[in-house]
Amino acid sequence: MHTSNPLRARARNAAATALLSAGALLLAPGSYAATASTPQAAPVYVHMNGANMFLENVVVVRPGQKVVFVDQDTGAHTIIGYNPLTGKTSTRFDGAVQGTPGPGHPVSTYAIAFKHPGLQFYYCSVHAELAKEPGGRTVPKKRPTVHGFGDPMAGLIIVTTDKRLLADNPPTTHEKILPGYFGG
């Protein structure tokens, strides 16, 4: 039986909107003009828990702004960038986080920032594997042997200066630790 999850539904809607907007931005390079006087922005947080998913699977950041992956799960995860056109994984966007025993313990994090506007795709190699789709595009697919939701553990970081997109991050991206959100 399938039950509706409002957080997952919002993430899917945000992903669709972000991809459409990002596609429009890619056609309008003038909207990417970054200025040296831009103040350093607070990090954007992406959380992982026992559902084996990135809770904020689509986030938007400015060039140079940190994305911090926070493991609020008892299990370990990886965060690996990849190119959907070639299937090649990144040697720079390649992190790992250890599990956290539970509330009150230090959490493992991985942080990265990107200098240039664009789309940064990533996945957890513990829970997903890359596969070629018809037409040649590479996408993460859920490993058949892992538990959790049926979706692959994957996400997208949109690097831009577009204020409309930057304002659309979920509220949880402002909090390092989500209260009561540990799971294993």
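Modeller: Happy to! Let's start with β8 and β9, which pair in the antiparallel sense over five bridges; two strands count as paired if DSSP finds at least two bridges between them. Strands here are DSSP runs (E, at least two residues), numbered from the N terminus. Before going further, please keep in mind that this is a predicted model, where local features need pLDDT of at least 70 and side-chain atom pairs count only at pLDDT 80 or more, while totals for chains, interfaces and linings use all residues. Residues are numbered from 1 along each chain as its sequence is written, and side-chain values use heavy atoms, with hydrogens and water left out.

Within this pairing, L130 stands opposite P140 of β9. The two strands form a hairpin with five residues between them, and G135 in the turn has a positive phi of about 95°.

Now to the charges. Side chains of opposite charge can pair when their charged atoms come close. The structure holds three salt bridges, each being a side-chain nitrogen of Lys or Arg within 4 Å of a carboxyl oxygen of Asp or Glu. One of them joins R143 and E129, at 3.0 Å from N to O. This pair links distant parts of the chain: E129 sits in strand β8 (residues 128–132), and R143 lies 14 residues away in the loop between β9 (138–142) and β10 (154–159). R143 is partly exposed at 26% relative accessible area, and E129 is partly exposed too, at 31%. For these words, buried means under 20% relative accessible area, exposed over 50%, and partly exposed in between (1.4 Å probe, protein chains only).

K141 and E133 also meet in a salt bridge, with 2.7 Å from N to O. K141 is partly exposed at 35%, and E133 is partly exposed at 26%. R164 and D162 form another, their closest N and O atoms being 2.6 Å apart. Here R164 is exposed at 67%, whereas D162 is buried at 8%.

For contrast, look at D71 in strand β3 (residues 66–71). D71 is buried yet has no salt bridge, and the nearest side chain of opposite charge, K176, is 13 Å away. In that search Lys and Arg count as positive and Asp and Glu as negative, while His and the chain ends are not counted. Leaving aside neighbours within four places in sequence, D71 is in contact (heavy atoms within 4.5 Å) with residues including M48, H77, Q98, T100 and S108.

How values were computed: Helix = DSSP H or I, 4+ residues; strand = E, 2+ residues; numbered from the N terminus.
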